[in-house]
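Keep the 3D view at hand.

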Amino acid sequence: MKTPNENMKNAIYRLSMVALIITLIVPCLYAQKATNPIIYADVPDISIIRVGNSYYMSSTTMHMNPGVPIMKSTDLVNWKMINYAHDALADVPALNLTEGKNAYSKGTWASSLRYHKGMYYVSTFAQTTGETYIFKTKDIEKGNWERISFKPAYHDNSLFFDDDGKVYLIHDAERLKIVELNDDLTGVKPGVPERVLIENASAPTGKEVGLGAEGSQLFKVKGKYYLFNICAPRGGMRTVLIHRADNINGPWEGKVGLQDRGIAQGGLINTPDGRWFSYLFRDYAAVGRVPYLVPVKWEDGWPVLGENGKVPEQLDLPASKGLIPGIVSSDEFTRKKGEPALPLAWQWNHNPDNALWSVTERKGFLRLKTGRIDTDFLQARNTLTQRTVGPTSSASVALDVSKMKDGDFAGFSAFQKKYGSVGVKIDAGQKSIVMITTDNDKPVEVKRIPLDQDQIYFRIDCDFTGKNDEANNLYALNGKDEASFFYSLDGKVWKPIWQPLKMKYDIPHFMGYRFALFNYATKNIGGYADFDYFHINDK
């Protein structure tokens with residue numbers, strides 16, 4: 001027979017074992033849940049469809065090339081790049097970075113992704129060309145997009161195929177309009193004039209308008225039409241608006257769908273098992289505009305977003321496996337036969353000059369060659385970029401500078417309007433490690449270190465961690481938003497080259513910070529720099 005003391009010891013032991021099991025299991029259960037934001041990187045203006053058990057998403061990358069990225073997922077959380085809608089939008093100076101022109105913040109804006117009768121469609125528009133674009137393909141993963149374009153550029157349009165065979169574009173801001181397209185989608189249907197769909201779309205907020213209702217996305221659920229828009233009352237946060245109607249011609253009734261931390265603009269998606277979500281995005285300071293998923297319940301014929309009006313941190317969906325290599329990816333620049341020259345994670349800043357770069361001239365290296373004189377990094381061609389990733393990310397490159405010419409500058413950048421670049425400059429035959437930042441939009445050299453070798457390594461660490469300003473109910477973050485720059489002579493021992501760059505999301509670029517590889521000439525053309533690798537991680 002056990003003594004009372006022994007029974008007490010056994011009871012304490014059992015309780016401690018239960019506590020241990022709970023501490024082991026609960027974090028595992030927590031880790032198996034998806035968390036918001038679902039993509040901690042710049043993937044704005046998202047449009048999502050489901051075809052069978054697969055989800056497809058389009059997004060905005062504006063002046064980047066190729067453009068209109070297409071991503072795929074089987075669980076709404078883990079996405080991978082599969083395609084782009086276009087290689088080059090147009091051959092014009094603003095998109096080519098020629099004649100002193102550029103298309104920063106322009107190019108292709110908010111797209112609308114649709115699937116109809118075995119065909120995939122992406123509609124978008126471009127201020128740069130003043131045109132509306134529709135791309136279509138039967139195989140969204142392999143591409144072979146057929147391209148249609150017509151004037152004018154219908155702002156933030158939503159492509160919609162109705163059950164009666166008619167096809168529409170809903171577009172514009174605040175005073176939302178609708179046009180019917182002809183059967184082959186090559187333009188507006190003759191004899192059917194454009195008309196106003198909703199006169200004052202921001203009216204449900206009951207306040208003075210700051211950002212008028214835009215970003216239209218139209219859906220049809222159980223015979224009813226649901227139109228999603230984003231707006232912002234003057235001095236207030238970005239807001240989800242929802243209008244509904246029994247007939248596409250109206251009358252429309254509207255209400256505020258969500259006001260929480262500025263998470264807005266998007267639409268509806270359902271799962272094969274019948275659950276509903278709203279996909280939205282949030283301005284997340286320097287990392288860019290990041291996607292969120294919000295659970296949806298239906299009440300009285302309305303989609304009700306969130307939990308008690310709030311966007312949950314956790315979702316009843318599989319956990320993210322990370323954005324590497326689905327959205328961003330390391331690259332050794334080694335290509336096997338039949339592989340594309342550049343993986344889909346890469347985008348050029350504007351249209352590249354394809355005669356001035358190569359991954360085949362030197363096996364295992366990306367070669368960036370100079371072909372003209374530039375004095376401004378933001379106007380230099382053939383800058384190759386990938387997204388930065390939050391809450392923290394780090395990327396490094398190895399660079400051979402032996403074939404650079406006098407006046408050349410090649411290296412690695414945290415790229416936005418307010419950029420920081422670390423690289424190698426050649427002046428009068430002398431190589432130097434140089435750090436450039438901007439001051440009042442002008443480049444400033446802040447550090448120079450003599451270099452007497454041809455191989456050099458650079459690294460940039462990005463820290464986007466921050467907290468919501470809940471006390472003031474702000475939707476922006478008080479983020480750290482710092483990029484730290486390092487160099488190494490052997491790829492092992494890293495030395496900081498300057499103080500961290502305070503990153504800032506600027507509208508003139510309208511894009512989160514990117515890691516960027518560059519080489520441009522300031523005096524002589526014909527030199528080149530060879531990048532051995534690009535390594536990225538989310539630590």
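**Exercise 1. State which residues lie nearest the centre of the largest pocket, and describe its lining.**

Solution. 
- Step 1: start at the centre. In this predicted model, I49, R114, F219, K220 and L268 lie nearest the centre of the largest pocket. They belong to a lining of 18 residues.
- Step 2: find the elements. Two or more lining residues come from each of β2 (47-51), β7 (112-116), β11 (158-161), β15 and β19 (264-270).
- Step 3: pick the main contributor. β15 supplies four residues, the largest share of this lining.
- Step 4: sort by class. The lining holds 11 nonpolar, two polar and five charged residues.
- Step 5: The largest pocket has about 500 Å³.

**Exercise 2. How many cavities of 30 Å³ or more does the whole structure hold? Characterise the largest cavity.**

Solution. 
- Step 1: the search returns three cavities at that cut-off of 30 Å³ or more.
- Step 2: list its lining. The residues are D45, I46, A110, S111, S112, D156, N157, S158, G215, S216, Q217 and Q265.
- Step 3: assign the top contributor. Strand β15 (residues 209-221) gives three residues, the most of any element.
- Step 4: classify. Two lining residues of the largest cavity are nonpolar, eight are polar and two are charged.

**Exercise 3. Which residues line the second largest cavity, and how do they divide by class?**

Solution. 
- Step 1: the volume of the second largest cavity is about 60 Å³.
- Step 2: its lining is M62, H63, M64, N65, H86, A88, L89, L95, G107, T108 and N351.
- Step 3: this lining has five nonpolar and six polar residues, with no charged residue.

**Exercise 4. Name the strand that gives the most to the linings of the largest pocket and the largest cavity.**

Solution. 
- Step 1: for the largest pocket, take β15, with four residues.
- Step 2: for the largest cavity, take β15 again, with three residues.

Notes
Residues are numbered from 1 along each chain as its sequence is written. This is a predicted model: local features need pLDDT of at least 70, side-chain atom pairs count only at pLDDT 80 or more; totals for chains, interfaces and linings use all residues. Side-chain values use heavy atoms; hydrogens and water are left out. On a 1 Å grid over the protein atoms alone, a cavity is a set of points where a 1.4 Å probe fits but cannot get out, and a pocket is an open set with protein on both sides within 12 Å along at least five of seven lines; lining residues have an atom within 4 Å of a point. Grid points are joined across faces, edges and corners, and a volume is the space filled by probe spheres set on the points. Ala, Val, Leu, Ile, Met, Phe, Trp, Tyr, Cys and Pro count as nonpolar, Asp, Glu, Lys and Arg as charged, and the others, Gly among them, as polar.
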